[in-house]
Amino acid sequence: MLITLYRYQLPLTFPLTINDATVVVREGFYVKIDGHWSEVVAPLGEHNAAVEQDLRAATARLRQGLPHEAKLPAVQFGLDCAQAKISSMPLSASASLPLLEGPRDPLVRAWRCRRIHPERAWLTLTGDVHYDAGLIRELCMLAPKVRLVLDAGARLNSEQIIDLWSRIEIGRIDWLLDPTPKLSEAQTLSKQYSMPVALDWARYSSFAPAAAADLSDAEFAKAVIVRPAQLGGLSRNQKLVAQAHALGLEVMLGDSLQSGLGQHQLAHLSHQWLPDAPLALGRCRYLLDSGVDDRGKPKIAGLTPL
């Protein structure tokens with residue numbers, strides 16, 4: 001088995017803070033196994049050292065003809081994608097929800113100038129209830145038919161969420177994603193206020209195999225975001241998607257700020273597992289360069305194999 005590893009560094013257009021981690025340069029690894037590519041990226045805010053150690057150990061086992069037995073979800077997913085020969089060619093049929101975040105004035109100005117508004121968009125909340133409620137009202141007035149996914153990022157408490165809910169036109173909200181840090185609080189809000197709660201499962205899963213593959217605690221929700229690189233191998237993620245469907249949940253695959261290679265592979269997986277479903281890949285626009293060519297292959301010029 002011929003395996004080559006490369007370390008990449010892709011700068012962002014400006015520093016981006018996600019889940020309390022500020023990212024200036026996205027670092028990860030390209031993996032090539034017998035001519036088939038994939039990538040491995042550490043969760044945002046975590047160091048690459050542990051990922052690299054697990055990746056080296058897992059690929060050493062593969063070279064010996066053994067299962068990779070990777071311990072970390074990011075490594076499991078990346079190696080599985082290469083071994084399964086998941087394509088990284090751009091998929092024209094894939095679509096991601098428009099992502100609305102950042103300062104109010106340019107956001108509203110761009111929204112106002114659009115000739116055609118999307119039917120659905122993803123709005124990242126700031127945590128300032130009055131500011132967020134005002135912005136939601138303004139966006140809904142400018143686009144009378146748009147429906148919003150509100151991403152609270154588990155930064156608010158129950159009182160703030162209830163206050164926000166009382167100030168907006170709730171009929172225009174498809175989901176309220178990760179309303180609070182605690183799953184039990186999200187469940188209470190869902191039941192008491194009929195909130196259409198959605199869950200980014202990577203945030204609530206402990207990453208233990210049993211927990212990561214079990215959505216039974218999420219059955220109260222309306223939808224779930226599955227970020228494969230944070231949840232494990234291909235089979236585990238496919239089981240999550242199937243279980244979500246069995247529970248009647250809407251499902252969407254999301255990235256972990258991968259390069260264009262990882263984003264394209266997620267699009268192909270979504271097309272296989274979730275035909276016609278949109279993706280949650282909006283933050284890929286913050287990469288100054290996607291790191292891949294027009295065929296989805298890594299630009300390895302200047303990169304040194306590990």
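This is a predicted model: local features need pLDDT of at least 70, side-chain atom pairs count only at pLDDT 80 or more; totals for chains, interfaces and linings use all residues.
Residues are numbered from 1 along each chain as its sequence is written, and side-chain values use heavy atoms, with hydrogens and water left out.

The secondary structure of the protein chain amounts to 10 helices and 10 strands, where helices (H or I, at least four residues) and strands (E, at least two) are DSSP runs numbered from the N terminus. With a radius of gyration of 20 Å, close to the 19 Å that the globule rule gives for 306 residues, the chain is as compact as a globular protein of that length; the radius is taken over C-alpha atoms, and the rule is 2.2 Å times the number of residues to the power 0.38. Along the principal axes, the C-alpha atoms of the protein chain fill a box of roughly 60 × 40 × 35 Å. Of the 306 residues, 52% are buried, a term that denotes under 20% relative accessible area, with exposed meaning over 50% and partly exposed in between (1.4 Å probe, protein chains only). The accessible surface of the protein chain comes to about 14,100 Å², and 52% of this surface belongs to carbon and sulfur atoms; accessible areas come from the Shrake-Rupley method with a 1.4 Å probe, and for residues only the protein chains shown count as cover. Among contacts (heavy atoms within 4.5 Å) between residues at least 6 apart in sequence, 67% join residues at least 24 apart.

An open sheet of 3 strands has the order β1-β2-β3 with antiparallel pairing, two strands being paired if DSSP finds at least two bridges between them. Strands β1 and β3 form the edges, each pairing on one side only, and neighbouring strands of this sheet are turned by 25 degrees against each other on average, direction ignored. Strand β2 (residues 21-33) and β3 run antiparallel and are joined by 5 bridges, and V31 stands opposite S38 in β3. Helix α2 (residues 73-83) lies across β2 and β3 and runs at about 170 degrees to β3. Helix α10 (residues 260-273) also packs on the sheet, where it touches β2 and β3 and its direction makes about 105 degrees with that of β3. For these angles, axes are lines fitted to C-alpha atoms, for helices over the stretch in contact, and values run from 0 to 180 degrees between N-to-C directions.

A search of the whole structure finds 4 aromatic pairs. Rings of Phe, Tyr and Trp (its six-membered ring) pair if their centres lie within 6.5 Å, and planes under 30 degrees apart count as stacked, over 60 as edge-to-face and the rest as tilted. The rings of Y6 and W37 have centres 5.9 Å apart and planes at 35 degrees, so this pair is tilted. Because Y6 lies in strand β1 (residues 3-18) and W37 in strand β3 (residues 36-40), the pair ties together parts that are 31 residues apart in sequence. Y6 counts as buried at 11% relative accessibility, and W37 is buried with a relative accessible area of 9%. The rings of Y30 and W37, by contrast, have centres 6.5 Å apart and planes at 90 degrees, so that pair is edge-to-face; both Y30 and W37 are buried. Together, Y6, Y8, Y30 and W37 form one aromatic cluster.

L189, in helix α6 (residues 183-193), is buried with a relative accessible area of 3%. Leaving aside neighbours within four places in sequence, L189 is in contact with S158, I161, I162, P179, T180, S194 and M195. The C-alpha atoms of L189 and H271, 82 residues apart along the chain, are separated by 32 Å.

S270 is placed in helix α10 and counts as buried at 1% relative accessibility; beyond neighbours within four places in sequence, S270 is in contact with L253, P275, A277 and L279. L72 lies in the loop between α1 (48-63) and α2 and, at 29% relative accessibility, counts as partly exposed. L72 and V51 are 21 residues apart in sequence and 7.0 Å apart in space, C-alpha to C-alpha, and the contacts of L72, leaving aside neighbours within four places in sequence, are with A50, V51 and D54.
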